[in-house]
Protein chains: 2
Amino acid sequence: MNQNRPIRVALLGAGSVGSQVARILLENADELAARVGAPLLLTGIAVRNVDAKRDVDLPKELFTDDAERLILGSDIVIELMGGIDPAKGLISLALSTGADVVTANKALIAAHGPELFDQARRVGAQLTYEAAVAGAIPIIRPLRDSLAGDRVERILGIVNGTTNFILDRMHTRGDSLEEALRIATDLGYAEADPTADIGGYDAQQKAAILASIAFHTEVPVELVHREGITEITIEQIERAKAAGFVVKLLAICERVTTSDGVEGISARVYPALVDTQHPLASVHGGNNAVFVQAQAAGDLMFYGAGAGGVETASAVLGDLVSSARRRVNGGPGLGESTHADLPVLEVGEITTRYQIILEVHDRPGVLAEIAKVFSDFGVSVSTLEQRSTGSADGAATPGHADGGSEGGATLVIGTHAATERALSALAEALAAHEASRRVTGVLRVEGAL
Amino acid sequence: MNQNRPIRVALLGAGSVGSQVARILLENADELAARVGAPLLLTGIAVRNVDAKRDVDLPKELFTDDAERLILGSDIVIELMGGIDPAKGLISLALSTGADVVTANKALIAAHGPELFDQARRVGAQLTYEAAVAGAIPIIRPLRDSLAGDRVERILGIVNGTTNFILDRMHTRGDSLEEALRIATDLGYAEADPTADIGGYDAQQKAAILASIAFHTEVPVELVHREGITEITIEQIERAKAAGFVVKLLAICERVTTSDGVEGISARVYPALVDTQHPLASVHGGNNAVFVQAQAAGDLMFYGAGAGGVETASAVLGDLVSSARRRVNGGPGLGESTHADLPVLEVGEITTRYQIILEVHDRPGVLAEIAKVFSDFGVSVSTLEQRSTGSADGAATPGHADGGSEGGATLVIGTHAATERALSALAEALAAHEASRRVTGVLRVEGAL
């Protein structure tokens, strides 16, 4: 059926994604050959230890510990080792031979993407990485190709399944952060060391990648503002719920014009309040979703599994088949575009809204004092809710702040839009104010409907 | 900045989508040139009447009534006239000169796609049509490229915004079908002649296109089973709501193995009950969404605006930029793939579930008689709810069917999965049975969670 010579495919790494990619390549060989127009020949799988136990039963003779030798003579190299070294050197070696490369390595693309894209462009090879962001969900290709004639204004992404699982458990079951994390670990959603997920580092890399593509601009990962979910309390979740919000860890990429008229972009990651009516609010469990606002297209959302070996393998194979088809047809790669080269703004420059939960001394005049702090920082109050918290068990009861001298009151204050700089300075001033006992929660509100 | 010669773009049609495409091409010329690597030069806009009033103010000198002359000498032709003639001949003319073609013409792609794709393949040109299905939502490219290495099992799509708007109004506001249609017409969601939308013809064309791509098989539009929403009553909507369902007009494409072991595909359009917890249930107003189940990727959903001039223009421009980039880079088109060539099965072969609402005579033994009809057709009952409807105003009150001789009872019967053939025969037999007064509703249940 296929007159064309086989496309030689080398696989680097045989973890949860790599072993599924190998399995599907072998099991669906005929179907894939028909789609490509030539057989896809898996020439080998490079691993550190060829005798290690694998999730999937694969032919032993495919394994090798000599990645460099495997790469030489390959048409397409699939890199699923993760991490910077030796992945970067091996990808560079593959590109130097003119091979196309498919990778799921978000850390590498976020840190060294531009250098590798340049190398690929020079040799006319393709470097694709659909699996690096939001697992199985097609998002890189839609942003780069389908929206190529549009102007992306904003992306709000739930791009880390572990933290979404944890926050969803806290919201729907009332688990504490610690309980939810333990369950996530037991179920395999969280790594033994969960820092990359709950610290927001994983989402930070993905935000850098999404912003780069959406805005045609190099976005170094260290310019992406990052806050994790480690400080989120069940009290915050419950207050959010009562107010019609859900807390989500968001990767936010947007075009921004500062008050000084500077046009730039912002990429940032933090937990934020999202209205329960927003499409992102109904993304449950370990799922991911990317909400895109474009000038012409309006609001789009891409939803699906954000992780998992076989799910991520789907994205890897999509890139592989596309590269292989172009090899058969003789076309060059498309390359990345960073022509816009917009400045990446500090988080202080961006405009957002805060919800601040503040425990204050319950004595006459306290509301006026707090209101003056807001006014001093030029921030307008949008909503204000007040409760007495004088009772020993801390249960909220209806009360008044300008009342007795014992106990305290809790103020839940929503602000109008203001710069992050003004809002964070305000929050600090409130914490230091002698009328306040404790700032129990500061969260931004995103995804206005 | 751009050393490359301009890409010559001809536009056929200046309706709501065409005028927006022209506007964006002119207004965003610099940005688009940077993305493509060469200027996109709009050489003209072919229309029937060059003096007609347009939605958008465009330079008068661009307009011509000589489409053929405009096409000759173009690199890329954008066809936004709609309909079969003269669109088909003009696209064929453009392809014969080696020009790439971008179209939003679902009727043409559904009816004559294979012939035009063949022609494009022979000359190495590209024929792209992202805008033909689900407006601004990137769905064609994700299905064709991102999921190219996966195996799509099922697609459930809300692909017609007009009917979704109408059904959503009925569900959320209690409007009758007539009221909701009138509002849709007033708001510009529905055409003066709404037959194509409410009759399901528009969704039928889109189902044929989606099934062709997902299953690598030619799917003639006339093999897509079609039912519209014209028979849907507010009573059915309200019963659905009470039972935890919402009624959606679905385009369904799935791989099917019949009881005889025949592997094939089914493409069909009908209003169906969808569980309110299903992601498709929360697609409101005129929006579209396509829910895809793939073997490796699992469940994905693509959501956004399904229609609208500027939104659809976004999809057209995405195709245009992709084609233009490949022209600059020198690559050939990707072509369509129909290698799988699976049989398209009759709707009778597929397996589904029914919800049947039946008014019966309220007399002893009636339940046993009805139960026997189910058993005769080999269909198992999953749920059964019964209400007396003896009162004059028809209000449902708790009651019993095996009771008095006056009045009637309403049975709401949910079936287990069975073939469409058995289920439709069963529904006919129930309607004809002497114990039944009226079958007030038969709807399929789709999207099991």
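1. The model is predicted, so local features need pLDDT of at least 70 and side-chain atom pairs count only at pLDDT 80 or more, while totals for chains, interfaces and linings use all residues. Residues are numbered from 1 along each chain as its sequence is written, and chains are lettered from A and ligands numbered from 1 in the order in which they are written.

2. Chain B holds an open sheet of six strands in the order 3-2-1-4-5-6, with parallel pairing (strands are DSSP runs of E, at least two residues, and helices runs of H or I, at least four, numbered from the N terminus; two strands pair if DSSP finds at least two bridges between them). Its edges are strand 3 (63-64) and strand 6 (127-128) of chain B, each pairing on one side only.

3. Within that sheet, strand 1 (residues 7-12) and strand 2 (residues 40-46) of chain B are joined in the parallel sense over six bridges, and B:R8 has B:L41 of strand 2 as its bridge partner.

4. In chain A, helix 4 (residues 87-96) packs on helix 5 (residues 106-123) at an angle of about 15°, with the axes 10 Å apart (axes are lines fitted to C-alpha atoms over the stretch in contact, and angles run from 0 to 180 degrees between N-to-C directions). Helix 4 of chain A is therefore roughly parallel to helix 5 of chain A (angles under 35 degrees).

5. A rotation of 180° with 0.0 Å of shift along its axis superposes chain A on chain B, with RMSD 0.0 Å (least squares on C-alpha atoms of residues with pLDDT of at least 70 in both). The two copies are thus related as by a two-fold rotation axis.

Note on methods
Angles under 35 degrees count as roughly parallel, over 145 as roughly antiparallel, 65 to 115 as roughly perpendicular and the rest as oblique.
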